[in-house]
Amino acid sequence: MYKKIAVTNRNLCSDLITQIEKLHNSDFDYIILREKDLSLEEYTALAASAIKISNKIILHTFTDAAEALKYHKIHLPFNAFVNIADKIKNYDITGVSAHTIDDAFKAQELGASYVTISPVFHTSCKPDVPPLGLNKLEYICSKLSIPVYALGGVTFENAQSCISHGAKGVCMMSQAMIF
């Protein structure tokens with residue numbers, strides 16, 4: 001069995017809190033609370049509510065919210081992680097978004113718990129970004145010792161192909177917000 005990570009987008013569901021409850025009670029292993037367009041205050045309030053609902057939550061981008069809530073599970077964009085890797089080295093989970101093999105290696109070197117590699121497939125979220133494809137995913141997975149999760153255009157239908165190419169799991173946004 002492989003890990004499944006839901007990535008939130010409140011614009012894709014009718015009620016994010018209700019969707020988090022559904023995800024908590026599903027076979028998704030983690031829920032990345034990605035609402036990065038919120039203000040720090042809005043995000044912190046949302047994160048506090050989400051954490052009360054589920055122990056599967058991984059915060060995204062807002063390290064100040066993580067510190068305020070004393071909640072040490074975070075996922076960061078690559079450049080943000082590089083800038084504060086030492087500050088969060090004792091977090092329980094530190095995930096990093098990587099788009100190249102060099103980013104993935106650097107994240108691993110700096111102590112990331114896992115990396116997401118994206119986009120593996122074409123995705124409407126980033127229509128102008130060419131997908132990496134399964135062969136590049138497999139290459140990156142074969143070179144890293146930390147878990148690699150496929151992201152970008154991943155669906156329930158194509159998830160197994162990512163696993164067959166070395167990913168330890170997959171991340172889904174669109175399907176996770178509507179099931």
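Me: Leaving aside neighbours within four places in sequence, what is lysine 56 in contact with?
Reply: Lysine 56 is in contact with Leu23, His24, Ser26, Phe28, Asp29, Tyr30 and Ile31. Contact means heavy atoms within 4.5 Å.

Me: What should I know about the model and the numbering?
Reply: This is a predicted model: local features need pLDDT of at least 70, side-chain atom pairs count only at pLDDT 80 or more, and totals for chains, interfaces and linings use all residues. Residues are numbered from 1 along each chain as its sequence is written, and side-chain values use heavy atoms, with hydrogens and water left out.

Me: Where is lysine 56 found?
Reply: In the loop between helix 2 (40–53) and strand 3 (57–60). Helices (H or I, at least four residues) and strands (E, at least two) are DSSP runs, numbered from the N terminus.

Me: Is lysine 56 buried or exposed?
Reply: Lysine 56 is buried. Buried means under 20% relative accessible area, exposed over 50%, and partly exposed in between (1.4 Å probe, protein chains only).

Me: Which side chain of opposite charge is nearest to lysine 56?
Reply: Aspartate 29, at 6.6 Å. Lysine 56 has no salt bridge. A salt bridge needs a side-chain nitrogen of Lys or Arg within 4 Å of a carboxyl oxygen of Asp or Glu. For charge, Lys and Arg count as positive and Asp and Glu as negative; His and the chain ends are not counted.

Me: Which backbone oxygen does the side chain of lysine 56 reach?
Reply: That of serine 26, at 3.0 Å. The backbone oxygen of histidine 24 also lies 2.9 Å from a polar atom of the lysine 56 side chain. The polar-contact rule is a pair of N or O atoms within 3.5 Å; within protein, one must be able to donate a hydrogen and the other to accept it, and residues adjacent in sequence count only if both atoms are side-chain atoms.

Me: OK, salt bridges. How many by this rule?
Reply: Four. One of them joins lysine 4 and aspartate 27, with the closest N and O atoms 2.7 Å apart. That pair links distant parts of the chain, 23 residues apart: lysine 4 sits in strand 1, aspartate 27 in the loop between helix 1 and strand 2. Lysine 4 is buried at 8% relative accessible area, while aspartate 27 is partly exposed at 46%.

Me: What does arginine 10 form a salt bridge with?
Reply: Glutamate 35, with the closest N and O atoms 2.6 Å apart. The two are 25 residues apart, in the loop between strand 1 and helix 1 and the loop between strand 2 and helix 2. Arginine 10 is partly exposed at 27%; glutamate 35 is buried at 2%.
Arginine 10 also forms a salt bridge with aspartate 37, at 3.0 Å between the closest N and O atoms. Aspartate 37 lies in the loop between strand 2 and helix 2, so this pair ties together parts 27 residues apart in sequence. Shared partners join Arg10, Glu35 and Asp37 into one network. Aspartate 37 is exposed, at 54% relative accessibility.

Me: Switching to helices. Which residues of helix 1 are buried?
Reply: In helix 1 (residues 16–24), Leu16, Gln19, Ile20 and Leu23. They are on the same side of helix 1, because they cover an arc of only 105° around the axis. The arc is that of the directions from the helix axis to the C-beta atoms.

Me: What do the buried residues of helix 1 pack against?
Reply: Strand 1 (3–7), strand 2 (30–33), helix 2, strand 3 and helix 8 (174–178).

Me: And which residues are buried in helix 6?
Reply: In helix 6 (133–143), Gly133, Leu137, Ile140 and Cys141 are buried. Their arc is within 110°, so they line one face of the helix. Asn135 and Ser142, on the other side, are exposed. Cover for the buried residues includes helix 5 (101–109), strand 6 (114–117), strand 7 (148–150) and helix 7 (159–164).

Me: Last topic, backbone. Which peptide bond is cis?
Reply: The one from serine 118 to proline 119, with omega near -15°. Proline 119 is in the loop between strand 6 and helix 6.

Me: What is phi of threonine 61?
Reply: Near 75°, a positive value in a residue other than glycine. Threonine 61 is in the loop between strand 3 and helix 3 (63–69), and is partly exposed at 29%. Lysine 70 also has a positive phi, near 55°. Its place is the loop between helix 3 and strand 4 (73–77), and lysine 70 is exposed at 68%.
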